[in-house]
Amino acid sequence: MPKLTFSARLAAICLLLSTTAASANEVADPTVVVDTSALPAITSSTGDANPYRGNPRAADIGRHAFNQACARCHGPDADNKGQVGPDLLKLDRACTRITDPATREMCIVDNDQYFLKSVQYGKTRVGVVHMPAWKDVLPPAAIWTIRTFLESRSRPTTPR
Ligand code: HEC
C-alpha cells in the first residue's frame, strides 16, 4: 500500500466526516407521490393487518413507490446488493417457519405494524437518522402498497 501524505489522510478524514454528516440529515423525499385511488380506502375500521395483502394491483403501485422512495437505500426492487439498508425481503422469514396457521398469521400482522411504524417514524439511533420518517410524505395506504409489493416478492404462499 502506498504511504499517504499527511494532507491526503486529512482529506480522506474530511470526506468521511462530510458523508457521515450528510446521512445524519437524511430526509424523506417530499416529491414522492403514490396514487392509491384505485384501491379500497383505508378507514378507521381497517384493522392492524396489511389491507392489500395479495392484491396484485396494490403490489404494482407499491413497486413503483418503492423504487421512488426506498430503492436508494434498500436496492432497486429491494434487491439489497450492498446498499445501506437491511434486506426487506427477509422481514417475514421467521414467521414463515411457524407451522400453526393462527400463530403464523399473528406473527405476520405483528410485522405489518412493525413495517408501518418503521416507515412512518424512520430509524434514528443516538441522534443519527439512519432512515428518514415518511409519515408526512406517505399516507398509510401508500405504505401498505409497498409492504404488498415486498410480500409479493418474498412471502411463500404456503408455509414451509
Ligand atoms: C436514507 C436511506 C433509507 C431510505 C431512503 C429508506 N430506508 Fe429503510 N432503512 C434504512 C436503514 C439504514 C435501516 C436500518 C436502520 C436501523 O435499524 O437502525 C432501515 C430500516 C428499515 C426497516 C426495518 C427493517 C428491519 O429489518 O428491521 C424497514 C421496514 C424499512 N427500512 C423500510 C423502508 C421503506 C419502505 C422505505 C421507503 C419508503 C425506506 N425504508 C427508505 C435506510 C433507508
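Is the crossing of H5 and H6 left-handed or right-handed? Before I answer, please keep in mind that what you see is a predicted model. The crossing of these two helices, H5 and H6, is right-handed. H6 covers residues 140–154, and H5 and H6 pack with their axes 10 Å apart at an angle of about 120°. An angle of that kind is why we call H5 oblique to H6. If you want to find the contact on the screen, look in H5 for Asp112, Phe115, Leu116, Val119 and Gln120, which meet Pro140, Ile143 and Arg147 in H6. Sorted by class, the residues of this contact are five nonpolar, one polar and two charged.

H6 has another partner to consider, namely helix H2, which is made of residues 56–69, and here the two axes come within 7 Å and cross at roughly 100°. H2 and H6 are therefore roughly perpendicular to each other. On the H2 side the contact includes Ala58, Ile61 and Phe66, while on the H6 side it includes Trp144, Ile146 and Phe149. The classes in the contact of H2 with H6 are nine nonpolar, four polar and one charged.

Let me now turn to the strands. S1 and S2 run antiparallel and are joined by three bridges, and Thr124 stands opposite Val129 in S2. Together S1 and S2 form a hairpin, with two residues between them, and in the turn Val126 has a positive phi of about 35°.

Finally, we come to the ligand. Which residues come nearest to it? Of the 20 residues around the ligand, those are Cys70, Cys73, Gly85, Lys123 and Met131. By class, the shell around the ligand has 12 nonpolar, four polar and four charged residues.

Methods
Residues numbered from 1 in each chain as written. Predicted model: local features only at pLDDT ≥ 70, side-chain atom pairs only at ≥ 80, totals over all residues. Near = placed C-beta within 6 Å. Nonpolar A, V, L, I, M, F, W, Y, C, P; charged D, E, K, R; others polar. Axes fitted to C-alpha atoms, helices over the stretch in contact; angles between N-to-C directions. Helix = DSSP H or I, 4+ residues; strand = E, 2+ residues; numbered from the N terminus. Parallel < 35°, antiparallel > 145°, perpendicular 65-115°, else oblique. Left-handed = near helix turned anticlockwise from the far one by under 90°. Contact = placed C-beta atoms within 7 Å. Pairing = 2+ DSSP bridges.
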